[in-house]
Amino acid sequence: MNLLTISKIKDGTVIDHIPSGKALEVLRIIGVRSGSKEKVSMAMNVESSKMGRKDIVKVEGKYIGEEELNRISLIAPEATINIIENYEIVRKFKVSLPERVEGILKCPNRNCISNDPREPVLARFRIENSDGVVARCEYCGKKVYEIEKYLV
Amino acid sequence: MSKFRNLISIDDLSRKDIEHILSRADEFLDVARGERKLRILEGRILANLFFEPSTRTRMSFESAMKRLGGDVINLGSLEASSFAKGESLADALRVVEQYADCIVLRHYREGSARFASEICSIPVINAGDGAGQHPTQTLLDLYTIKKEARLDNLKIALVGDLKYSRTVHSLIKALALFNARIYLVSPDSLKLPEEILEMDIDFVESDLKTAIEEVDVVYVTRIQKERFPDEEEYRKVAGSYRITAEMLESSDAIIMHPLPRVDEIAYDVDGLKNAVYFRQAFYGVPVRMAILAEVLL
Ligand SMILES: [Zn+2]
(Lines give C-alpha, C1' and ligand atoms only; values in the text may rest on other atoms or scores of the structure.)
Protein backbone atom coordinates (compact mmCIF):
# COMPACT_ATOMS: atom_id res chain seq x y z
CA MET A 1 0.00 0.00 0.00
CA ASN A 2 1.22 3.41 -0.93
CA LEU A 3 -0.02 4.97 2.28
CA LEU A 4 2.76 3.10 4.03
CA THR A 5 5.24 5.34 2.30
CA ILE A 6 4.36 8.12 4.71
CA SER A 7 4.41 7.71 8.42
CA LYS A 8 1.32 7.68 10.60
CA ILE A 9 0.64 10.76 12.68
CA LYS A 10 -0.57 10.88 16.27
CA ASP A 11 -2.65 14.06 16.26
CA GLY A 12 -3.34 16.30 13.34
CA THR A 13 -4.78 16.39 9.85
CA VAL A 14 -4.42 14.26 6.76
CA ILE A 15 -5.44 15.85 3.49
CA ASP A 16 -6.02 13.18 0.91
CA HIS A 17 -7.09 13.19 -2.74
CA ILE A 18 -5.16 16.31 -3.67
CA PRO A 19 -4.68 16.52 -7.46
CA SER A 20 -1.14 15.40 -8.19
CA GLY A 21 1.31 18.25 -8.19
CA LYS A 22 -0.74 20.48 -5.88
CA ALA A 23 0.60 19.27 -2.51
CA LEU A 24 3.05 22.13 -2.18
CA GLU A 25 0.23 24.60 -2.88
CA VAL A 26 -1.82 22.99 -0.12
CA LEU A 27 1.09 23.31 2.29
CA ARG A 28 1.41 26.96 1.39
CA ILE A 29 -2.30 27.49 2.06
CA ILE A 30 -2.16 25.95 5.51
CA GLY A 31 0.83 28.08 6.30
CA VAL A 32 3.56 25.45 6.34
CA ARG A 33 6.73 26.82 4.86
CA SER A 34 10.44 26.46 5.41
CA GLY A 35 11.14 27.34 9.01
CA SER A 36 7.70 26.24 10.21
CA LYS A 37 7.67 24.01 13.28
CA GLU A 38 4.99 21.50 12.24
CA LYS A 39 6.00 17.95 11.48
CA VAL A 40 4.88 17.42 7.91
CA SER A 41 4.99 14.46 5.64
CA MET A 42 3.68 14.27 2.16
CA ALA A 43 3.50 12.00 -0.80
CA MET A 44 3.27 13.11 -4.38
CA ASN A 45 2.07 11.18 -7.42
CA VAL A 46 0.67 8.30 -5.40
CA GLU A 47 -1.48 5.89 -7.36
CA SER A 48 -5.18 6.37 -6.77
CA SER A 49 -8.07 4.32 -8.03
CA LYS A 50 -10.27 7.40 -8.09
CA MET A 51 -7.89 9.97 -9.50
CA GLY A 52 -5.13 8.10 -11.30
CA ARG A 53 -2.47 9.96 -9.37
CA LYS A 54 -2.85 12.06 -6.29
CA ASP A 55 -0.92 13.84 -3.56
CA ILE A 56 -1.35 13.42 0.20
CA VAL A 57 -0.33 15.80 2.97
CA LYS A 58 -0.12 14.96 6.67
CA VAL A 59 0.44 17.60 9.29
CA GLU A 60 1.15 16.69 12.87
CA GLY A 61 -0.39 18.89 15.55
CA LYS A 62 -2.46 21.07 13.25
CA TYR A 63 -6.19 21.36 12.73
CA ILE A 64 -7.50 23.20 9.73
CA GLY A 65 -9.89 26.11 9.92
CA GLU A 66 -12.79 26.97 7.64
CA GLU A 67 -10.93 29.69 5.79
CA GLU A 68 -8.09 27.32 4.94
CA LEU A 69 -10.56 24.65 3.84
CA ASN A 70 -12.15 27.14 1.46
CA ARG A 71 -8.81 27.84 -0.07
CA ILE A 72 -7.89 24.19 -0.35
CA SER A 73 -11.21 23.39 -2.02
CA LEU A 74 -10.45 25.92 -4.77
CA ILE A 75 -7.35 24.07 -5.90
CA ALA A 76 -8.30 20.58 -4.71
CA PRO A 77 -12.10 20.30 -4.93
CA GLU A 78 -11.99 16.52 -4.40
CA ALA A 79 -9.82 16.64 -1.29
CA THR A 80 -10.82 14.66 1.79
CA ILE A 81 -9.85 15.78 5.26
CA ASN A 82 -9.11 13.29 8.02
CA ILE A 83 -8.81 14.56 11.55
CA ILE A 84 -6.55 12.29 13.58
CA GLU A 85 -6.47 11.94 17.34
CA ASN A 86 -4.24 9.42 19.03
CA TYR A 87 -3.60 7.64 15.71
CA GLU A 88 -7.36 7.24 15.06
CA ILE A 89 -9.45 9.00 12.44
CA VAL A 90 -12.05 10.82 14.53
CA ARG A 91 -13.62 12.77 11.67
CA LYS A 92 -13.49 12.42 7.93
CA PHE A 93 -15.10 14.75 5.40
CA LYS A 94 -14.78 16.15 1.90
CA VAL A 95 -13.98 19.78 1.36
CA SER A 96 -16.87 21.64 -0.18
CA LEU A 97 -16.59 24.40 -2.70
CA PRO A 98 -17.85 27.72 -1.33
CA GLU A 99 -20.34 29.67 -3.46
CA ARG A 100 -18.28 32.80 -3.11
CA VAL A 101 -14.99 33.72 -1.54
CA GLU A 102 -13.91 37.07 -0.20
CA GLY A 103 -10.41 38.32 0.39
CA ILE A 104 -8.60 35.13 -0.55
CA LEU A 105 -8.19 35.64 -4.30
CA LYS A 106 -6.70 38.59 -6.11
CA CYS A 107 -8.32 39.76 -9.34
CA PRO A 108 -6.04 39.32 -12.38
CA ASN A 109 -7.53 42.46 -13.95
CA ARG A 110 -5.18 45.24 -12.92
CA ASN A 111 -7.78 47.86 -13.70
CA CYS A 112 -10.35 46.22 -11.42
CA ILE A 113 -11.59 48.39 -8.56
CA SER A 114 -10.63 45.55 -6.17
CA ASN A 115 -6.98 46.19 -7.08
CA ASP A 116 -7.08 49.89 -6.21
CA PRO A 117 -5.07 50.22 -3.00
CA ARG A 118 -6.92 53.43 -2.07
CA GLU A 119 -10.35 51.81 -1.94
CA PRO A 120 -11.75 49.92 1.05
CA VAL A 121 -12.70 46.88 -0.96
CA LEU A 122 -12.14 43.15 -0.61
CA ALA A 123 -11.88 41.18 -3.82
CA ARG A 124 -14.90 38.90 -4.02
CA PHE A 125 -15.44 36.01 -6.38
CA ARG A 126 -18.31 33.75 -7.29
CA ILE A 127 -17.14 30.16 -7.62
CA GLU A 128 -18.36 28.05 -10.51
CA ASN A 129 -17.56 24.39 -10.98
CA SER A 130 -17.95 23.35 -14.57
CA ASP A 131 -15.05 21.49 -16.10
CA GLY A 132 -12.79 22.58 -13.26
CA VAL A 133 -13.12 25.33 -10.71
CA VAL A 134 -13.54 28.82 -12.12
CA ALA A 135 -13.75 32.00 -10.06
CA ARG A 136 -15.52 35.06 -11.44
CA CYS A 137 -14.75 38.49 -10.01
CA GLU A 138 -17.97 40.02 -8.72
CA TYR A 139 -16.72 43.50 -9.54
CA CYS A 140 -15.27 43.36 -13.02
CA GLY A 141 -16.52 39.97 -14.20
CA LYS A 142 -13.04 38.62 -15.00
CA LYS A 143 -12.83 34.84 -14.87
CA VAL A 144 -9.91 33.12 -13.12
CA TYR A 145 -9.00 29.65 -14.35
CA GLU A 146 -5.59 29.14 -12.73
CA ILE A 147 -6.73 29.84 -9.24
CA GLU A 148 -3.53 28.87 -7.41
CA LYS A 149 -1.78 31.78 -9.10
CA TYR A 150 -4.12 34.31 -7.55
CA LEU A 151 -4.48 33.06 -3.98
CA VAL A 152 -3.41 35.76 -1.56
CA MET B 1 -43.36 43.84 -11.91
CA SER B 2 -39.63 44.02 -11.50
CA LYS B 3 -38.23 46.75 -9.36
CA PHE B 4 -34.54 47.35 -9.01
CA ARG B 5 -32.58 49.74 -6.90
CA ASN B 6 -29.34 49.99 -8.87
CA LEU B 7 -28.45 49.47 -12.50
CA ILE B 8 -24.95 48.07 -12.70
CA SER B 9 -24.72 45.50 -15.48
CA ILE B 10 -26.91 44.29 -18.30
CA ASP B 11 -26.12 40.79 -16.99
CA ASP B 12 -28.27 41.52 -13.94
CA LEU B 13 -31.38 41.99 -16.09
CA SER B 14 -33.72 39.29 -17.34
CA ARG B 15 -35.65 39.53 -20.58
CA LYS B 16 -38.65 40.54 -18.49
CA ASP B 17 -36.70 43.34 -16.79
CA ILE B 18 -35.54 44.66 -20.14
CA GLU B 19 -39.04 44.57 -21.62
CA HIS B 20 -40.33 46.34 -18.54
CA ILE B 21 -37.84 49.22 -18.92
CA LEU B 22 -38.48 49.55 -22.63
CA SER B 23 -42.24 49.70 -22.24
CA ARG B 24 -41.83 52.22 -19.45
CA ALA B 25 -39.69 54.31 -21.83
CA ASP B 26 -42.67 54.36 -24.19
CA GLU B 27 -44.71 56.17 -21.55
CA PHE B 28 -42.11 58.94 -21.48
CA LEU B 29 -41.58 59.41 -25.23
CA ASP B 30 -43.69 62.54 -25.58
CA VAL B 31 -42.29 63.96 -22.34
CA ALA B 32 -38.77 63.41 -23.65
CA ARG B 33 -39.73 65.34 -26.76
CA GLY B 34 -41.06 68.18 -24.62
CA GLU B 35 -44.64 67.68 -25.85
CA ARG B 36 -46.03 66.90 -22.42
CA LYS B 37 -44.88 68.11 -19.00
CA LEU B 38 -44.35 65.72 -16.14
CA ARG B 39 -43.04 66.56 -12.65
CA ILE B 40 -42.86 63.11 -11.07
CA LEU B 41 -39.27 63.60 -9.88
CA GLU B 42 -39.81 67.13 -8.56
CA GLY B 43 -37.63 67.80 -5.54
CA ARG B 44 -35.30 64.93 -6.39
CA ILE B 45 -31.62 65.49 -7.09
CA LEU B 46 -29.39 63.44 -9.35
CA ALA B 47 -25.60 63.60 -8.91
CA ASN B 48 -23.71 63.07 -12.15
CA LEU B 49 -20.31 61.72 -11.15
CA PHE B 50 -18.20 61.51 -14.27
CA PHE B 51 -14.57 60.71 -13.55
CA GLU B 52 -14.11 60.32 -17.29
CA PRO B 53 -15.58 62.69 -19.83
CA SER B 54 -18.64 61.51 -21.74
CA THR B 55 -20.61 64.55 -22.68
CA ARG B 56 -23.45 62.79 -24.45
CA THR B 57 -24.19 60.29 -21.72
CA ARG B 58 -23.99 63.00 -19.07
CA MET B 59 -26.24 65.41 -20.97
CA SER B 60 -28.84 62.80 -21.77
CA PHE B 61 -29.12 61.84 -18.09
CA GLU B 62 -29.40 65.52 -17.29
CA SER B 63 -32.11 65.99 -19.88
CA ALA B 64 -33.99 62.92 -18.63
CA MET B 65 -33.89 64.09 -15.01
CA LYS B 66 -35.00 67.64 -15.85
CA ARG B 67 -37.80 66.51 -18.15
CA LEU B 68 -39.20 64.62 -15.16
CA GLY B 69 -39.03 67.72 -12.96
CA GLY B 70 -35.86 66.75 -11.08
CA ASP B 71 -32.59 68.58 -10.56
CA VAL B 72 -29.02 67.66 -11.41
CA ILE B 73 -25.72 68.40 -9.75
CA ASN B 74 -22.40 67.74 -11.44
CA LEU B 75 -18.87 66.98 -10.42
CA GLY B 76 -17.61 69.92 -12.45
CA SER B 77 -14.22 69.90 -14.06
CA LEU B 78 -12.14 67.02 -12.82
CA GLU B 79 -8.92 68.98 -12.56
CA ALA B 80 -10.54 71.48 -10.23
CA SER B 81 -12.28 68.97 -8.00
CA SER B 82 -10.87 67.53 -4.79
CA PHE B 83 -11.38 64.03 -6.19
CA ALA B 84 -8.46 64.61 -8.49
CA LYS B 85 -6.25 65.18 -5.46
CA GLY B 86 -6.05 61.56 -4.40
CA GLU B 87 -9.34 61.19 -2.53
CA SER B 88 -10.69 57.67 -2.81
CA LEU B 89 -13.80 56.92 -4.81
CA ALA B 90 -15.34 55.50 -1.65
CA ASP B 91 -14.93 58.79 0.22
CA ALA B 92 -16.20 60.79 -2.73
CA LEU B 93 -19.33 58.62 -2.86
CA ARG B 94 -19.95 58.89 0.87
CA VAL B 95 -19.90 62.65 0.55
CA VAL B 96 -21.94 62.95 -2.62
CA GLU B 97 -24.69 60.70 -1.29
CA GLN B 98 -25.30 63.37 1.35
CA TYR B 99 -26.27 65.80 -1.42
CA ALA B 100 -28.38 63.73 -3.80
CA ASP B 101 -31.03 61.02 -4.18
CA CYS B 102 -29.32 59.07 -6.93
CA ILE B 103 -25.83 58.78 -8.39
CA VAL B 104 -24.90 58.26 -12.02
CA LEU B 105 -21.31 57.07 -12.07
CA ARG B 106 -18.77 56.94 -14.83
CA HIS B 107 -15.35 55.78 -13.69
CA TYR B 108 -12.21 54.44 -15.33
CA ARG B 109 -11.96 51.32 -13.14
CA GLU B 110 -13.89 48.16 -13.97
CA GLY B 111 -16.24 47.15 -11.20
CA SER B 112 -16.40 50.66 -9.75
CA ALA B 113 -20.17 50.88 -10.17
CA ARG B 114 -20.79 47.58 -8.36
CA PHE B 115 -18.49 48.78 -5.59
CA ALA B 116 -20.34 52.11 -5.44
CA SER B 117 -23.69 50.37 -5.14
CA GLU B 118 -22.38 48.47 -2.12
CA ILE B 119 -21.12 51.60 -0.42
CA CYS B 120 -23.99 53.99 -1.13
CA SER B 121 -27.36 54.03 0.53
CA ILE B 122 -28.87 55.76 -2.52
CA PRO B 123 -29.33 54.14 -5.96
CA VAL B 124 -26.34 53.95 -8.30
CA ILE B 125 -26.61 53.82 -12.08
CA ASN B 126 -23.57 52.69 -14.06
CA ALA B 127 -22.74 55.04 -16.92
CA GLY B 128 -19.63 53.10 -17.92
CA ASP B 129 -16.88 51.55 -15.83
CA GLY B 130 -13.59 51.30 -17.68
CA ALA B 131 -13.76 48.57 -20.28
CA GLY B 132 -16.61 47.05 -18.28
CA GLN B 133 -20.32 47.73 -18.46
CA HIS B 134 -22.44 50.53 -19.85
CA PRO B 135 -25.95 49.15 -19.41
CA THR B 136 -27.93 52.30 -20.23
CA GLN B 137 -26.25 52.42 -23.65
CA THR B 138 -27.32 48.83 -24.27
CA LEU B 139 -30.87 49.58 -23.17
CA LEU B 140 -31.14 52.58 -25.46
CA ASP B 141 -29.74 50.49 -28.32
CA LEU B 142 -32.40 47.85 -27.65
CA TYR B 143 -35.06 50.53 -27.47
CA THR B 144 -33.96 51.95 -30.82
CA ILE B 145 -34.10 48.48 -32.36
CA LYS B 146 -37.56 47.95 -30.90
CA LYS B 147 -38.89 51.27 -32.20
CA GLU B 148 -37.22 51.29 -35.61
CA ALA B 149 -37.13 47.57 -36.44
CA ARG B 150 -38.16 44.73 -34.12
CA LEU B 151 -36.57 42.93 -31.19
CA ASP B 152 -37.70 39.37 -31.74
CA ASN B 153 -35.96 37.16 -34.31
CA LEU B 154 -33.89 40.10 -35.39
CA LYS B 155 -31.11 39.91 -37.97
CA ILE B 156 -28.43 42.38 -37.07
CA ALA B 157 -24.96 43.08 -38.46
CA LEU B 158 -22.28 44.30 -36.08
CA VAL B 159 -19.69 46.20 -38.06
CA GLY B 160 -16.22 47.50 -37.22
CA ASP B 161 -14.29 46.98 -33.99
CA LEU B 162 -15.88 43.90 -32.47
CA LYS B 163 -12.89 43.13 -30.29
CA TYR B 164 -12.68 46.14 -28.02
CA SER B 165 -16.14 47.67 -28.33
CA ARG B 166 -17.91 47.12 -25.04
CA THR B 167 -21.18 48.43 -26.50
CA VAL B 168 -21.06 45.56 -28.96
CA HIS B 169 -20.32 42.96 -26.28
CA SER B 170 -23.17 44.04 -24.01
CA LEU B 171 -25.55 44.33 -26.93
CA ILE B 172 -24.79 40.74 -27.93
CA LYS B 173 -25.48 39.54 -24.38
CA ALA B 174 -28.82 41.31 -24.38
CA LEU B 175 -29.77 40.19 -27.90
CA ALA B 176 -29.13 36.60 -26.87
CA LEU B 177 -32.31 36.93 -24.82
CA PHE B 178 -34.31 37.77 -27.96
CA ASN B 179 -33.19 35.01 -30.40
CA ALA B 180 -31.26 37.32 -32.65
CA ARG B 181 -29.10 36.21 -35.57
CA ILE B 182 -25.87 38.18 -35.56
CA TYR B 183 -23.74 38.93 -38.64
CA LEU B 184 -20.15 39.71 -37.73
CA VAL B 185 -18.36 42.14 -40.03
CA SER B 186 -14.87 43.10 -38.90
CA PRO B 187 -11.21 43.10 -39.89
CA ASP B 188 -9.27 40.03 -38.78
CA SER B 189 -7.42 41.92 -36.09
CA LEU B 190 -10.64 43.20 -34.53
CA LYS B 191 -12.73 40.03 -34.42
CA LEU B 192 -15.13 39.22 -31.62
CA PRO B 193 -13.36 37.62 -28.62
CA GLU B 194 -13.62 33.84 -28.25
CA GLU B 195 -15.52 33.93 -24.95
CA ILE B 196 -18.37 35.91 -26.50
CA LEU B 197 -18.47 33.67 -29.57
CA GLU B 198 -19.13 30.78 -27.20
CA MET B 199 -22.46 32.29 -26.19
CA ASP B 200 -25.65 30.53 -27.13
CA ILE B 201 -26.63 32.75 -30.05
CA ASP B 202 -26.58 32.41 -33.82
CA PHE B 203 -23.41 34.02 -35.31
CA VAL B 204 -22.61 34.37 -39.02
CA GLU B 205 -19.34 35.75 -40.36
CA SER B 206 -20.09 38.08 -43.21
CA ASP B 207 -18.86 40.85 -45.44
CA LEU B 208 -20.45 44.25 -45.37
CA LYS B 209 -22.27 43.97 -48.70
CA THR B 210 -23.98 40.67 -47.89
CA ALA B 211 -24.85 41.88 -44.43
CA ILE B 212 -26.53 45.02 -45.71
CA GLU B 213 -28.65 42.92 -48.09
CA GLU B 214 -29.77 40.43 -45.46
CA VAL B 215 -30.20 42.16 -42.12
CA ASP B 216 -32.75 44.42 -40.45
CA VAL B 217 -30.18 46.43 -38.51
CA VAL B 218 -26.61 47.46 -39.24
CA TYR B 219 -24.83 48.49 -36.05
CA VAL B 220 -21.62 50.36 -36.85
CA THR B 221 -18.78 51.04 -34.41
CA ARG B 222 -15.69 53.12 -34.80
CA ILE B 223 -12.41 51.51 -35.80
CA GLN B 224 -9.70 53.26 -33.84
CA LYS B 225 -6.45 54.31 -35.41
CA GLU B 226 -4.50 53.28 -32.29
CA ARG B 227 -5.36 49.64 -32.94
CA PHE B 228 -3.19 49.54 -36.05
CA PRO B 229 0.60 49.45 -36.43
CA ASP B 230 0.65 52.13 -39.12
CA GLU B 231 -1.69 54.66 -40.61
CA GLU B 232 -1.68 53.13 -44.08
CA GLU B 233 -2.93 49.81 -42.68
CA TYR B 234 -5.61 51.62 -40.74
CA ARG B 235 -6.85 53.54 -43.79
CA LYS B 236 -7.14 50.38 -45.87
CA VAL B 237 -9.15 48.60 -43.22
CA ALA B 238 -11.34 51.52 -42.11
CA GLY B 239 -12.18 52.36 -45.74
CA SER B 240 -13.61 48.93 -46.42
CA TYR B 241 -16.04 49.21 -43.50
CA ARG B 242 -17.38 52.60 -44.48
CA ILE B 243 -21.08 52.86 -45.26
CA THR B 244 -22.27 55.15 -48.04
CA ALA B 245 -25.70 56.09 -49.41
CA GLU B 246 -24.96 54.15 -52.60
CA MET B 247 -24.59 50.90 -50.65
CA LEU B 248 -28.05 51.38 -49.17
CA GLU B 249 -29.93 52.01 -52.39
CA SER B 250 -31.97 48.83 -52.25
CA SER B 251 -31.79 48.19 -48.51
CA ASP B 252 -34.31 48.80 -45.76
CA ALA B 253 -31.82 48.05 -43.00
CA ILE B 254 -31.61 50.70 -40.33
CA ILE B 255 -28.15 52.08 -39.58
CA MET B 256 -27.20 52.52 -35.93
CA HIS B 257 -24.06 53.97 -34.33
CA PRO B 258 -23.33 54.74 -30.67
CA LEU B 259 -21.60 57.98 -31.80
CA PRO B 260 -19.35 59.85 -32.13
CA ARG B 261 -18.61 58.75 -35.67
CA VAL B 262 -15.45 59.67 -37.49
CA ASP B 263 -15.90 58.57 -41.09
CA GLU B 264 -17.38 55.08 -40.87
CA ILE B 265 -20.74 56.44 -42.04
CA ALA B 266 -20.65 58.90 -44.93
CA TYR B 267 -22.58 62.15 -44.49
CA ASP B 268 -24.74 61.31 -47.50
CA VAL B 269 -26.36 58.57 -45.40
CA ASP B 270 -27.73 61.10 -42.90
CA GLY B 271 -30.66 62.10 -45.10
CA LEU B 272 -31.81 58.54 -45.82
CA LYS B 273 -34.65 56.84 -43.98
CA ASN B 274 -32.11 54.14 -43.03
CA ALA B 275 -30.22 56.55 -40.80
CA VAL B 276 -31.44 56.32 -37.23
CA TYR B 277 -28.28 57.19 -35.27
CA PHE B 278 -29.43 60.63 -34.22
CA ARG B 279 -32.81 59.29 -33.15
CA GLN B 280 -30.85 56.59 -31.33
CA ALA B 281 -29.19 59.38 -29.33
CA PHE B 282 -32.63 60.84 -28.60
CA TYR B 283 -33.96 57.48 -27.39
CA GLY B 284 -31.36 57.65 -24.65
CA VAL B 285 -33.58 60.23 -22.96
CA PRO B 286 -36.84 58.25 -22.55
CA VAL B 287 -34.83 55.14 -21.64
CA ARG B 288 -32.90 57.02 -18.96
CA MET B 289 -36.17 58.56 -17.76
CA ALA B 290 -37.54 55.05 -17.34
CA ILE B 291 -34.46 54.01 -15.38
CA LEU B 292 -34.53 57.09 -13.16
CA ALA B 293 -38.23 56.59 -12.47
CA GLU B 294 -37.54 52.94 -11.69
CA VAL B 295 -34.87 53.60 -9.09
CA LEU B 296 -36.30 56.81 -7.62
CA LEU B 297 -40.02 56.22 -7.33
ZN1 LIG C 1 -12.03 42.10 -10.87
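Me: How many salt bridges does the structure hold over all chains?
Reply: There are 42 of them over all chains. The term stands for a side-chain nitrogen of Lys or Arg within 4 Å of a carboxyl oxygen of Asp or Glu. Keep in mind that this is a predicted model, where local features need pLDDT of at least 70, side-chain atom pairs count only at pLDDT 80 or more, and totals for chains, interfaces and linings use all residues. Residues are numbered from 1 along each chain as its sequence is written, chains are lettered from A and ligands numbered from 1 in the order written, and side-chain values use heavy atoms, leaving out hydrogens and water.

Me: What makes A:Glu67 and A:Arg71 a salt bridge?
Reply: Their side chains meet at 2.9 Å, N to O, and the rule asks for within 4 Å, so the pair qualifies. Both residues lie in helix H2 (residues 66–75) of chain A, four residues apart, about one turn of the helix. Helices here are DSSP runs (H or I) of at least four residues, strands (E) are runs of at least two, and both are numbered from the N terminus.

Me: Which side chains meet in a salt bridge at 2.5 Å, N to O?
Reply: Those of A:Arg124 and B:Glu118. Across the interface of chain A and chain B the rule finds two salt bridges.

Me: What is the area buried between chain A and chain B?
Reply: About 1200 Å², with carbon and sulfur atoms giving 44%. Buried area is the accessible area (1.4 Å probe) that two parts lose on being put together, summed over both. In chain A, A:Asn111, A:Ile113 and A:Arg118 lose the most area to chain B, together 42% of what that side buries.

Me: Which atoms are the protein donors of the zinc ion?
Reply: They are the SG atoms of A:Cys107, A:Cys112, A:Cys137 and A:Cys140, lying 2.3 to 2.4 Å from the zinc ion. Along the chain the donors follow the spacing C-x4-C-x24-C-x2-C.

Me: Why is the arrangement around the zinc ion called tetrahedral?
Reply: The four donor atoms subtend angles of 100 to 116 degrees, which makes the arrangement tetrahedral. The ideal angle for four tetrahedral donors is 109.5 degrees.

How values were computed:
Donors = N, O, S within 2.8 Å, 3.2 Å for Na, K, Ca; no water. Tetrahedral: all angles 85-135°; square planar, octahedral: opposite > 155°, others 65-115°.
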